[in-house]
Structure formats: C-alpha cells, structure tokens
Amino acid sequence: MPTRAVRRLTGSIALLLLAAIAAPAGAFASGTVKVVASLPNLGSIAREIGGDRLDLTVIASGVQDAHFVDPKPSYIVKLRAADLMIVNGLDLEIGWVPPLTQGARNARVIPGGPGYIDASAGIAVVEIPSGLSRAEGDVHPYGNPHYLGDPLNAVIVASTIADALKKADPAGAATYEERRKAFVTRLDQALFGAPLVELAGGAKLEREAAAGTLDHFLETSLGGAPLKTRLGGWLGKLAPYRGRPVLCYHKDASYFANRFGIVVIDYVEPKPGIQPSARHLEELTALLHHGDAKVILTRPYVEHRSTDLLAQKTGVTVVTLPLEVGGDPKATDYFALFDFVTGSLADALARTGTGAR
Ligand SMILES: [Zn+2]
C-alpha cells in the first residue's frame with residue numbers, strides 16, 4: 001500500500017511524462033526563460049531579442065488565420081510552466097487565448113499577471129470604432145489589430161518584449177538590451193536602406209516616418225543630392241508604386257498600406273470577419289471595372305472563391321501574401337517576411353501598371 005507522499009510523487013511523475021509527451025513539435029531548444037507567443041511574428045521578434053536564452057513556443061502557425069486558431073490542449077501544458085505569455089492584444093486572439101490561459105491556471109500568465117505581455121501597448125491603433133461593434137460580427141472591436149504590418153511598430157513591440165524579459169530574467173538584461181538595439185538597427189537598415197541610415201541616422205528616420213513627415217525630410221539634401229535619392233530597403237522597393245490602389249480581402253493591410261503609401265480602395269469582406277454576399281461581389285466587380293485597382297491582395301487561409309470570381313470577371317491579378325512569419329516558406333522570420341511581401345507586391349504592381357505616381 002503506497003503512502004500518500006509516494007502516491008503524490010507518482011502522480012507528479014505521470015504529469016511530467018504527460019507534459020513531455022504533449023510538448024508540441026513547434027517547441028524550440030531549452031533556455032532560461034520559458035516564453036509562449038500567440039503568433040509567429042511575435043515569436044520571431046521575441047527570438048531576435050532573447051536569442052537562445054529563451055525556451056520559446058509559438059502557438060499559431062503562419063498559415064492559420066490569427067483570428068481563428070484551434071486552441072490545442074497541449075499548449076495548456078506549455079502555458080502552465082511559462083514565465084511569459086506574449087499576445088497581440090486588441091482582442092485578436094479573443095477566441096482562443098483565454099481558453100488556454102484559463103486552462104493553464106498559471107497566475108503569471110493570466111491577463112493582469114506579471115508575465116502576461118500585451119504587445120499592443122504603446123501602438124498607435126488605427127480604425128478604432130466609435131462604439132463596440134462585435135454584435136454585428138466585426139472582429140476588430142478595439143480597432144485594427146494587425147499593427148505588425150508596419151515594421152516601425154516592431155520597434156515598439158521589441159521594447160515591450162525586451163522590458164518583460166529584463167524583469168523575468170535580470171541576469172540577461174544587458175544581453176536583451178544589446179540584442180534589442182541590434183534588432184532596431186537591422187530593421188532600420190532593412191526599411192530605409194543602409195546608406196540612408198548611415199547618412200541620416202535610424203532614429204531620425206524613424207521619427208520622421210512616425211510623424212508622417214518622411215517625404216518632406218527626404219527632400220532635404222545632406223552632402224549633395226536630396227536624401228530621397230538614397231532611399232533603399234523595403235520603402236525604396238515600393239516607392240515607385242506609392243499611391244497605387246489595391247483591393248484587400250480582409251482589413252489587415254491598413255498599417256502596411258499607411259507605411260508604404262499603398263491605397264486600399266475596398267475590401268472583399270464587407271466587415272472584418274464577414275464573408276461577402278453576392279451583392280457585395282457585384283459592387284466590387286463594378287468598382288474594379290471602373291476603377292484603377294489592378295491587384296487584389298489576399299491571404300493563404302481565407303476562402304479563394306470570391307477573389308477567383310472577381311479575377312475572372314475583371315481580369316485583375318490576385319496576389320496571396322503572408323501576414324505572419326511562416327505564411328510562406330520564404331517568410332522564415334520577420335525580416336524575410338517583409339523581404340518577401342515587399343518584393344512580391346512590387347512585382348505584382350509592376351506587372352499590372354506603368355508604375356507612375
Ligand atoms: Zn483582422
């Protein structure tokens with residue numbers, strides 16, 4: 001007859017074995033801080049800041065719709081032991097993160113807990129509705145949650161994550177700060193091009209871009225030619241297509257479009273999360289017939305029936321682009337995601353128009 005202590009120990013071992021078996025395939029090498037990120041872009045930025053000090057698990061894959069992820073129970077096991085849980089926030093994961101955090105019963109990673117990190121803190125959220133509109137099925141009740149479509153928002157998210165890591169793992173604070181700075185430098189160079197960053201400074205360019213005054217600033221000259229002649233990187237790649245109109249499937253490109261000067265004229269979804277009616281598709285067909293948009297931007301995980309129909313009726317080009325790391329095999333991290341997206345979109349816009357402003 002085993003004693004109560006032995007029974008409890010046996011139970012603990014069984015739980016540990018269960019945890020080991022249930023560990024998802026997406027888990028990475030073991031580190032000091034156990035971090036769970038809801039979405040791949042957040043996971044990629046966390047890895048940039050934390051390096052191999054993190055034992056990182058990412059819940060959703062890049063080919064899943066971030067609004068609608070199946071909360072597998074195996075992630076409850078991961079969350080039970082987690083030091084930090086990083087979420088996108090703005091109710092993007094309302095359908096699937098709360099069941100996981102509630103199931104985990106880990107006070108650190110429930111909303112309000114010290115390890116629950118809402119990455120939307122400090123983000124200038126756009127399209128905030130005047131009233132809560134979820135009753136009508138809108139999945140953006142607190143404004144547009146797809147803020148990582150603007151690489152400059154990744155600078156803010158990187159700071160939020162670095163601060164959380166420094167608190168959770170003070171021994172690594174210097175490492176996190178060093179890696180955060182390196183991430184921002186690399187991001188500035190990727191966004192503006194290294195020569196322009198060298199000339200004007202990344203922080204100055206970030207400030208001008210955030211204030212919406214980058215164009216004006218780039219008209220000024222530093223050492224000869226106007227600065228705009230030195231613009232490279234992702235912004236430089238899409239600069240010839242500034243002002244070009246596109247139709248989007250879901251309202252997930254607003255931050256991206258604002259940053260890169262692309263104009264979204266309408267959406268296949270009449271409201272975020274609502275599939276189009278036949279009548280809405282007819283209206284869009286008329287819009288595409290009479291308007292200038294030659295490209296529809298859609299995502300890997302949404303239905304393609306509507307966009308195929310619109311392409312067939314109007315001859316526009318449908319471009320399926322990832323929104324998250326892993327949404328395309330080439331989008332291996334946050335940098336590769338934007339390399340791929342800006343390159344693919346520039347190609348599509350070049351193929352479908354003159355490229356003139
Ligand atoms: Zn959305």
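Reply: Along the chain, the donors of the zinc ion follow the spacing H-x72-H-x5-H-x103-H; donors are N, O and S atoms within 2.8 Å of the metal (3.2 Å for Na, K and Ca), and since water is not among the atoms, sites may look incomplete. This is a predicted model, in which local features need pLDDT of at least 70 and side-chain atom pairs count only at pLDDT 80 or more, while totals for chains, interfaces and linings use all residues. Residues are numbered from 1 along each chain as its sequence is written, and side-chain values use heavy atoms, with hydrogens and water left out.

The protein donors are the NE2 atoms of H67, H140, H146 and H250, and they lie 2.0 to 2.1 Å from the zinc ion. Angles among the four donor atoms run from 107 to 112°, and the site is tetrahedral (for four donors, all angles between 85 and 135 degrees). The ideal angle for four tetrahedral donors is 109.5 degrees. H67 sits in the loop between β2 (54-58) and α3 (74-80) and H146 in the loop between β4 (116-118) and α5 (151-168), so this pair ties together parts 79 residues apart in sequence. Helices (H or I, at least four residues) and strands (E, at least two) are DSSP runs, numbered from the N terminus.

Next, the helix packing. The axes of α12 (residues 278-290) and α13 (residues 305-314) come within 10 Å and cross at roughly 40°. Axes are lines fitted to C-alpha atoms, for helices over the stretch in contact, with angles from 0 to 180 degrees between N-to-C directions. The two helices α12 and α13 are therefore oblique to each other; angles under 35 degrees count as roughly parallel, over 145 as roughly antiparallel, 65 to 115 as roughly perpendicular, and the rest as oblique. L281, L284, T285, L288 and H289 of α12 meet S306, L309, L310, K313 and T314 of α13, where contact means heavy atoms within 4.5 Å.

Helix α2 (residues 40-50) packs with α14 (residues 334-351) at about 125°, their axes 9 Å apart. This pair, α2 and α14, is therefore also oblique. The contact is formed by N41, S44, I45 and E48 of α2 with Y334, F335 and L337 of α14.

Finally, α6 (residues 173-192) and α8 (residues 202-211) cross at roughly 60°, with axes that come within 10 Å. Helices α6 and α8 are therefore oblique to each other. Their contact involves V184, D188 and F192 of α6 and G202, A203, L205, E206 and A209 of α8.

How values were computed:
Four donors count as tetrahedral if all angles lie between 85 and 135 degrees; four count as square planar and six as octahedral if opposite donors are over 155 degrees apart and all others between 65 and 115; anything else is irregular.
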